[in-house]
Amino acid sequence: MLMDGLAKEVKPPPPDVYTVDHPFIAPIDMDIIKITAQFTAKNGNRFLQGLAARESRNPQFDFVKPNHPLFGYFQALVDSYTRALLPPPDDLERLKAYSQNKSAVVDRVMGRFQYDQQEARRKADKEQREKEERAQMAAVDWHAFVVVETIDFKPEDDELPLPPPILGTTGKRPLTEAPQTLVGSAEAARAVITKEKAVTGE
């Protein structure tokens with residue numbers, strides 16, 4: 001979405017608690033997990049405990065064990081079904097408001113759609129940048145680099161005073177003490193000349 005020539009940041013929509021990402025499993029296993037989750041949401045944990053004890057040796061119901069990889073998916077289904085059977089008051093009020101204002105539903109749907117598009121573009125841009133960086137790194141001929149010299153730093157090097165920086169135009173170090181020496185020499189020469197004039201009477 002563009003605004004004044006710049007991409008407008010789309011705020012993330014509220015989390016969709018009724019949507020669950022499904023894993024890639026056999027259809028029969030999917031049906032067993034869904035039906036078990038529905039009965040668990042309706043009858044509570046007592047039903048789940050009895051089912052787990054009765055089907056403890058049945059590998060098709062291993063997903064009810066907390067250490068099983070599909071237990072998280074099963075629990076997400078139970079939470080979603082429970083929320084659908086006993087929706088919170090806030091959800092009921094929101095549904096009533098949407099039933100009276102259909103444009104609000106369209107706005108929410110479009111907001112989620114735009115957010116999903118925004119995240120997809122960001123992901124694509126990130127993957128493109130990483131691909132370009134990998135291509136640039138692969139194009140570097142690392143064998144062309146040669147170690148010219150190895151410099152070993154000692155602990156006492158940290159306490160040594162650094163020399164003045166080199167000027168970029170002349171390639172020489174700035175004169176920090178020379179002007180003072182020249183000025184001092186000129187003053188000494190004038191003092192000698194003045195003393196000689198006083199002695200000779202000039």
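This is a predicted model: local features need pLDDT of at least 70, side-chain atom pairs count only at pLDDT 80 or more; totals for chains, interfaces and linings use all residues.
User: What makes up the chain in terms of helices and strands?

Analyst: The chain has six helices and two strands, in the order β-β-α-α-α-α-α-α along the sequence. Helices are DSSP runs of H or I with at least four residues, strands are runs of E with at least two, and both are numbered from the N terminus.

User: Why is Asp-91 called buried?

Analyst: Buried means under 20% relative accessible area, exposed means over 50%, and partly exposed lies in between, with a 1.4 Å probe and protein chains only. Asp-91 has 8% relative accessibility, so Asp-91 counts as buried. Of the 202 residues of the chain, 11% count as buried.

User: Which salt bridge joins Asp-91 and Arg-94, and why are they said to be about one helical turn apart?

Analyst: The closest N and O atoms of Arg-94 and Asp-91 are 2.8 Å apart. The two residues are three apart in helix H4, so about one helical turn separates them. An α-helix has 3.6 residues a turn, so residues three or four places apart point the same way. Arg-94 counts as partly exposed because its relative accessibility is 35%.

User: What makes the span of helix H4 close to the expected one?

Analyst: The expected span is 1.5 Å times one less than the number of residues. Helix H4 (residues 89–100) has twelve residues, and its first and last C-alpha are 17 Å apart, close to the expected 16 Å. One of the twelve residues of H4 is buried, so the helix lies largely in the open.

User: What links Arg-122 and Glu-119?

Analyst: A salt bridge does, with the closest N and O atoms 3.4 Å apart. Arg-122 and Glu-119 are three residues apart in helix H5, so they are separated by about one helical turn. Arg-122 is partly exposed at 39% relative accessibility, and Glu-119 is partly exposed at 30%. Glu-9, Glu-119 and Arg-122 are linked in a network of salt bridges.

User: What makes Val-106, Met-110 and Phe-113 a nonpolar surface patch?

Analyst: Patches are made of residues with over 30% relative accessible area and no salt bridge, with nonpolar side chains (Val, Leu, Ile, Met, Phe, Trp, Tyr) joined within 5 Å and like charges within 9 Å. These three residues make a patch of about 270 Å². Phe-113, in helix H5, is partly exposed at 41% relative accessibility.

Conventions. Residues are numbered from 1 along each chain as its sequence is written. Side-chain values use heavy atoms; hydrogens and water are left out. A salt bridge is a side-chain nitrogen of Lys or Arg within 4 Å of a carboxyl oxygen of Asp or Glu. Accessible areas come from the Shrake-Rupley method with a 1.4 Å probe; for residues, only the protein chains shown count as cover.
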